[in-house]
Amino acid sequence: PLTAPPSQLVLTLFFVISPFLEVISQTAQAFLPPYAAPPAAADVAAWRAAALALASRLLRLGLVVAAAMALFGAAVPLRGAWLLTNDAAVVAALKPLALPLALGALLTAPVAVSEGVLLARRQLPFLCGVYVASVALLPPALLAIKRAGGPVVNVWWCFAAFQAGRAGCFTAAIWGPGLWRHLRPVEPRVE
């Protein structure tokens with residue numbers, strides 16, 4: 001029978017959908033550099049608002065694309081595993097991988113969009129710090145899963161958590177300051 005390990009099939013599936021997700025990062029890098037620094041005579045507040053509006057639009061677009069890719073990524077293991085294998089045991093083993101694969105794919109959009117925005121803004125030390133920290137944390141987590149002898153689905157849940165952590169850090173760097181300004185209580189003026 002046509003077969004491969006379920007983890008290899010899901011990884012292949014993720015690599016099939018990844019280009020659709022990564023293109024948003026490249027789009028941000030292409031269109032946001034003019035917003036890297038306000039022109040000399042620009043209204044800085046209006047310039048910042050326009051840059052954030054473009055980044056927000058890219059995030060919405062990225063989430064729409066990621067939702068479609070996440071649905072596709074989940075549909076194959078759940079309903080279309082026969083496209084990948086005709087081994088009934090592998091088909092059954094693919095089903096539990098659908099949800100963490102879909103979540104990992106969905107979370108790739110905010111990672112990719114935010115990465116593109118941060119690259120366009122030249123916030124390289126922050127990006128580098130998050131990447132170094134997240135990559136340093138991932139191998140020990142994967143080794144712990146291996147030592148525990150858990151199912152392969154735990155690796156994919158670990159990947160989803162990895163993406164969630166990076167998405168949280170990156171999006172907080174971009175949209176967090178504006179959110180904080182809106183949530184902060186307004187101090188009454190003393191006259």
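Biologist: Is R122 buried or exposed, and what is its relative accessible area?

Modeller: In this predicted model, R122 is found in the loop between helix 4 and helix 5, and it has a positive phi of about 65° although it is not a glycine. Exposed means over 50% relative accessible area. R122 therefore counts as exposed, its relative accessible area being 54%.

Biologist: How are helix 2 and helix 4 oriented to each other, roughly parallel or roughly antiparallel?

Modeller: Helix 2, residues 44-79, packs against helix 4, residues 98-120, at an angle of about 160°, and their axes lie 8 Å apart. The crossing of these two helices is right-handed. Because angles over 145 degrees count as roughly antiparallel, helix 2 and helix 4 are roughly antiparallel.

Biologist: How many charged residues are there in the contact of helix 2 with helix 4?

Modeller: On the helix 2 side the contact includes L58, G62, A66 and G73, and on the helix 4 side it includes L101, A105, P110 and V117. The residues of this contact divide into 19 nonpolar and two polar, and the number of charged residues is none.

Biologist: Which residues of helix 5 make the contact with helix 4?

Modeller: The axes of helix 4 and helix 5, the latter spanning residues 124-148, come within 9 Å and cross at roughly 145°, and this crossing is left-handed. The residues of the contact divide into seven nonpolar, no polar and one charged. Helix 4 contributes V111, E115, L118 and L119, and the residues of helix 5 are L124, F126, L127 and Y131.

Notes
Residues numbered from 1 in each chain as written. Predicted model: local features only at pLDDT ≥ 70, side-chain atom pairs only at ≥ 80, totals over all residues. Heavy atoms only, no water. Axes fitted to C-alpha atoms, helices over the stretch in contact; angles between N-to-C directions. Helix = DSSP H or I, 4+ residues; strand = E, 2+ residues; numbered from the N terminus. Parallel < 35°, antiparallel > 145°, perpendicular 65-115°, else oblique. Left-handed = near helix turned anticlockwise from the far one by under 90°. Contact = heavy atoms within 4.5 Å. Nonpolar A, V, L, I, M, F, W, Y, C, P; charged D, E, K, R; others polar. Buried < 20%, exposed > 50% of the residue type's maximum accessible area, 1.4 Å probe, protein only.
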